[in-house]
Every structure is written in structure tokens, then in C-alpha cells.
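Work through the exercises below with the model open beside you. Each task is followed by its solution.

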Amino acid sequence: MKYTLSVLVENHPGVLSRVAGLFSRRGFNIDSLAVGVTEDPTISRMTIVVNGDDYIVEQVTKQLNKLIDVIKIKKLNPKEAVERELALIKVNANSQTRSDIIQITEIFRANIVDVSKETLTIEISGDEDKIEALIELLKQYGIREVVRTGLIAIERGTKVITKSKSEEDD
Amino acid sequence: MKRKMTVARAMVEVLKSEGVEIIFGIPGAAIYPFYDALYSSDIKHVLVRTEQAAAHEASGYARTTGKVGVCVATSGPGATNLITGIATAYMDSVPIVAITGQVNSSLIGKDVFQEVDITGATAPFTKHNYLVKDPKKIVKVLKEAFYIASTGRRGPVLIDVPIDVQMQEIEFELPKEIDIPGYKPKERGHPLQIKRAVEAIENSQRPVICSGGGVIASKASEELKTLVEKQKIPVISTLMGIGSIPTDHPYYLGMIGSHGQKEANIALRQADLLIVIGARLADRALGDTKITENMKIIHIDIDPAEIGKNVDTNIPIVGDAKQVLSEINKRISERKDFWAQEIKAQKKEIKEDGNLHPYDVLKEISRAYNGDYIITTDVGQHQIWAAHNVYIKEPGTFITSGGLGTMGYGVPAAIGAKFGRPDKEVISITGDGSFQMLLQELATIKREQVPIKIVLFNNTRLGMVYELQKKRCTGRFIATCLDGNPDFMILAKAYGIESLRLESKEKLKEAIEIMKNHNGPFLLEVVTSPDEPTIP
Ligand SMILES: Cc1ncc(C[n+]2csc(CCOP(=O)(O)OP(=O)(O)O)c2C)c(N)n1
């Protein structure tokens, strides 16, 4: 199973290495980890996708909570969250294949962001499955390079995860 | 009121405001401004002979006083020498603050002379650590460090301060309160869980309490005793939990685990309810987690991450042991029978023979002092001998490296303990291997005239490993014979420390009397057979 954790941390140098270090040290697997500053510049949000069972997720949550720089952790329910990942895919393209690739790109509502004589670079955002599906289709043309951000996620509706409600989740 | 001063001065001011009376350390170029500021304060500084000892001494001090122990080192090698001591404190949840100097902040990351990334290195085994680059932050950081070290599940915090930062001027003002958004330790147990726990205890046939170091740290011994006596529950302890209840208490069965007492392990196997209080239940305590599969488990711990980590828990209670136990005691009924009566009665007495055994010595020490001492141990057979045979009357008077199992801990911890509790006799029980890991601290003992007693079991072996090789490697002994040991009597003399060698049982009582009556530091070497087993 994959679980998505939304983690608020203090925006200090070194926090990322503490979090990442904790994962390797305790033998947890991270699928992806995306970080960025929030509406409050003193706080960053990490979206962490972990692979494991309930025990692993509980341990990850508890161990993360022990880090002084970690303010809040919430396990997101995929049904109640919007999850997105951004990918840039550079694919081989020549005069014969170019229009096919453009068509596929349109079907996926992705964008072509760079063109050269031999390649097209496609930008796509969406959930993991959508990105996987596009990559799968583009494989036949020869993929040169893929760059992905890892998942970010936010709860649907008016719910928010903020610093002030820090007791709620433990 | 704001005052202008250097960061180094401000550091000393914060230490004073935290009630720090003593610091253990060794200076160096990267920490000299701090030492210079210390010169004109009345905080005592103990010059140790290696930084690892500074951390252990701070730890011994913290464990006997309940206060935060402080140790200091310079950058690079000074800081790395602290590491084993910091990790030891982390595993045993001992509150210490370690202050290290760092190279000039403009040079950080350039591999200059005596630079090391000590915050990176210690991240896995500090509760938190800081590299202070902004002079304005020093006061807040130090205050936070003391707060973090001494609250919740306690532990070491390290603060690394570049030398140029130490020399800068700031406006000094103590913060009114500390607010760390990500750190809000929970002291009170959840009322519903407490209610469930009470029911579970009352409905159990064969409850057992496993008491850990957390009971001692939270000063919950009285509450533990009340619960035990009301419900007549046998108590077994981890190595860290020894002393959480007096070892001669009628319901105390001993230490559990691979090196534990038989009675304690039998009781654990027969239990239908296990109440774990302030213990991790690591592999060495439990051996096999399967034995807990068919019992109910209540787990009380201040650190939520401990609950459910090593064993599945039915009733988790996050909170301070003292708080939680007193809530349970308010609600719990009285029980009549002590189910573990028979197990306790089976306790076998060791047969007397004419030879001098370690347990004879430890029992004689217990008798002569009647528990009025603080015992520290090192790591090895002697540690287990002590755990089984020394009478421990009060919580916090048995000090050992239970988590990391650090050889070399005992003597420095005893020095720290004696500084913390000068009114108490402090006896360090050590082995010839462990003793030689930090024996340079004899110089600290000499210089400061620290009147501790060292009982050195000399079996010319790394006994614990030698015993393992005997059993598991069918006697293929490698690297466990300590040929080349010094003459410990001459060694003690070199440091101006009185000593005595004990070789026969007839001299036992007399030797202990001599040690007891000696005013000042004393080394008692006990000549021990290499084949003495850990558990007779
Ligand atoms: C720093 C360190 N190194 C190695 C070990 C592994 N070890 C555990 S017990 C032991 C032997 C201890 O010998 P000694 O202090 O003489 O005590 P004895 O077992 O003989 O009583 C060793 C080497 C350890 N625990 N700590």
C-alpha cells in the first residue's frame, strides 16, 4: 500500500536531511518526497509517499513526530485529497512521429514545452497513474529523459492542515 | 532588561539562569571565548582527560540529580570524542546539553583545520541539535536546548557554535517563555485509556509489571509501589528499571531477558496481562516477542513512538508514568492473592564454596553499606553480576549503560554522580576491559580528589565475550584475553590513589571494611576466575 503524508516542518536548513535521514536509518521506504515553502514563510510542507503497511505508517508518523522541527503530520485519505505530480518527458520525434505524439499529448491535456529537430519535451501534471499511462504510450517513440517532482497533495474542500491545530492528529 | 555582551558571555549567563553549577569538558581553540567567559563565573569546570568521559560525567551527574548535565568540547576531534557519550545518553534517555565549538562560520563546509559536521554526525542520536550561525539566536537556542533535554522523554541536545559567533556582541535578554511549535510533550494519560487499563488489571488473573528506566526518570516509584501492593502484582524490571522498586521488595522478581533472573522470565511467560511502564522492550529484554502473543499488553510511555514499536499493544497510554500511575491508583481496587508466590519461592540460593566469587563480593558490599550508595557499572559480566546481586534501595542509585552498552561508562559516570550527590557513597563496579577504556579519568579523580570507590573485577578477560566464545564457538577463543594488563595497584599508586587487591574469601569482609572506611578515592581489585559464569 502507498500512503500520502502531509507534513508541516519549520523552514530551517537541515530539516530535509533530518527527515530523509530518519527514513534510511529506520529502514522505511520513501516513494517520493516533495518540499516547498507554505503560505507562512517560516514553515515548509513536505508531501511524503511511503510504501508499507499500517505498522510502517504508524511508526513513520510517530518517529517523524519526534523530530523537533516537525510541527504536524497528517495522513491523507486519497478520496478526500487532490494529488498531483509534475513530470517533464523528453521523447524522440521525427517528421513521421511528431503529429502522433502531439495528438497523444492533447488527449492527456499535457503541454509541449520544448521542441527540437529530434525531440519534443512534454509537461504533464496529474496523479501518478495518469503520468504512468502517458509514459507508457510514449515509450514506443523512445524516451530520452524523464524528470518527476514526486507527489504533492492537498485536502479537498475547506479543510486545511495548519500549525495551529497541532494536537488533533496524534 | 537588555545588556550588551558577547555571545560567549551570554552562553554563560543562560547556563547560570538554568541553574548549572558544573560543566565537564576540555577546551580548544574553537571554544576558547566560551571558556574565557566561564573564567569570571562561579560555575565549576571539571577538566576531564578525554571528551567521551565529559559526556559520561555529565550523564552520571544528570542521573543522580535529575538536572541537566553539561559537557563542552572544542571543534573537530573534541566534538567527535563526545559522540559515544552522547549516543549513550540518548539510548538511556539522559538529559545532557553538549556544547561544541565550531570553526569560523565563513569556513564551514571547506574542510578546514579541525572542522567536522558534528550536527550532521549526531542527528541520529540526539533529541535535537543546533548549529548557531546567527548570534542573535544563541540565547533562545540554549534555553530551548535545556527545555528539550529535560522534558518529555529526556535526552541529549547538542549546540555547535562557530568561534566567530562566540565573539560577536549581542543585546542580551532572557526569553520569557519557550514555544516550540513542533514540541509539545504530553504528560497526562488519556482518561478513557486509563479506565480501560484499570478494568484490564482488575480482570486479569496473572498480571505482571515490567518496569523500565522511565519509572525512575519520572520519579514514579511511590506510585508504582502503591499499585503493586494494592493489586499484588509481581514486578520484573529491565536493566534500566533496576531500582524503580527496592530489589528486596516482596513482589520484585528481578530483571528479565537473556541475562535476566529465571523467576522474572518465568513470571513473564505465565502472565495473562503485561503492564509495561517506561520501557522499550528491546531484543535483549524480551528475547523473543512471540512470548507476548497470547497476553494482553498495557503500555505506558511518555514517548508515543515506543508504544507498539517492539510489541503489539492492546491499551496504549501516552503520558508521564507518575501521572498515569497515580490516576490508575485512584481508581483501582485491592486484590487478595499474590499469584506469583510459588515462582518467588523457587528462588534458588547459590551454594557456598570456599572460593571467592563476584557475587560474594557484591553481596558483602550490599550488606556493609545497606544500600546507602550509588552504584555505577560498566559493561560485561560484572554488570550482570551487579544487576543480580547488589541491593538497590532507592530509585536512581543503580546507574548503568543499559541501552548502548558502552564499556568505559562506569568510572566517569561515578565521577559525575559524586559531583551530583557528594553526600552519597559512590561505588563503581567495573571489569578490567571496561576500566581500561577510560582509565585516564583516574587523573580527573586525583586532581579533583573525587572520593569514589572503584571495584575492579579482574579476570584478565573480556569476560562477557570470552564466555560467549566458550559456549558458541566451542572454545575457539580469539581476542578476549587481556594479557598485558598493567599491575593495577602500581597504576593506582601512579595516580596517588589508595588500593587493595583481594584474592581470597577470608579477606573479603576486611577488604570491604577497609574500602568503606577509607576517606578518599579507592581502588579495590578483585581477582576473579576467567571461568566465572555470568549466571551461576
Ligand atoms: C565500547 C565497547 N566495545 C566493545 C563492547 C563489546 N563488549 C561487551 S562486554 C565486553 C567485555 C567486557 O570486559 P570487562 O570489562 O573486562 O568485563 P567482564 O565481562 O570481564 O566482567 C565487550 C568487549 C562494548 N560493549 N563496548
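## Exercise 1: Chain A as a whole

Task: locate the mean charge positions of chain A, then describe its build.

Solution. Chain A has 24 positive and 27 negative charges, and their mean positions are 1 Å apart. Lys and Arg count as positive, Asp and Glu as negative, while His and the chain ends are not counted. Each charge is placed at NZ of Lys, CZ of Arg, CG of Asp or CD of Glu.

The model is predicted: local features need pLDDT of at least 70 and side-chain atom pairs pLDDT 80 or more, whereas totals for chains, interfaces and linings use all residues. Residues are numbered from 1 along each chain as its sequence is written, chains are lettered from A and ligands numbered from 1 in the order in which they are written, and side-chain values use heavy atoms, leaving out hydrogens and water.

Next, the fold elements. Chain A holds 4 helices and 9 strands (DSSP runs numbered from the N terminus: helices are H or I with at least four residues, strands E with at least two). Their order from the N terminus is β-α-β-β-α-β-β-α-β-β-α-β-β. The C-alpha trace spans about 60 × 35 × 30 Å along its principal axes.

Then burial. Of the 170 residues of chain A, 42% are buried (buried means under 20% relative accessible area, exposed over 50%, partly exposed in between, with a 1.4 Å probe and protein chains only). Chain A exposes about 9,400 Å², of which carbon and sulfur atoms supply 51% (Shrake-Rupley method, 1.4 Å probe; for residues, only the protein chains shown count as cover).

Last, contacts (heavy atoms within 4.5 Å). Among contacts in chain A with a separation of 6 or more, 74% join residues 24 or more positions apart.

## Exercise 2: An aspartate in a loop

Task: is A:D69 buried or exposed, and which residues does A:D69 contact?

Solution. Start with the place. A:D69 sits in the loop between α2 (54-66) and β4 (70-76) of chain A. Its relative accessibility is 5%, so A:D69 counts as buried. Neighbours within four places in sequence aside, A:D69 contacts A:L8, A:V9, A:E10, A:H12, A:V15, A:R18 and B:H128.

Now the annotation. UniProt, in an unreviewed entry, gives "domain: ACT" for residues 4-78 of chain A (positions follow the numbering used here, feature names are shortened, and annotations may be inferred rather than shown by experiment). That span, residues 4-78, is 32% helix and 43% strand, with end C-alpha atoms 8 Å apart.

## Exercise 3: Salt bridges

- B:E13 and B:R3 meet at 3.8 Å, N to O. The pair links helix α1 (residues 7-17) to strand β1 (residues 3-6) of chain B, 10 residues apart. B:E13 is buried at 13%; B:R3 is partly exposed at 34%.
- B:K4 pairs with B:E171, with the closest N and O atoms 3.6 Å apart. Here strand β1 is linked to strand β8 (residues 169-172) of chain B, 167 residues apart. B:K4 is exposed at 60%, and B:E171 is partly exposed at 46%.
- B:D423 pairs with B:R421, the closest N and O atoms lying 2.9 Å apart. B:D423 is exposed at 57%, whereas B:R421 is partly exposed at 27%.

Shared partners also join A:K66, B:R153, B:D303, B:E306 and B:K309 into one salt-bridge network.

## Exercise 4: Helix α1 of chain B

Task: which residues of α1(B) are buried?

Solution. The helix is mostly covered, with 8 of its 11 residues buried. They are B:V7, B:A8, B:A10, B:M11, B:V12, B:E13, B:V14 and B:L15. Just after the helix, B:G19 takes a positive phi of about 80°.

Key. A salt bridge is a side-chain nitrogen of Lys or Arg within 4 Å of a carboxyl oxygen of Asp or Glu.
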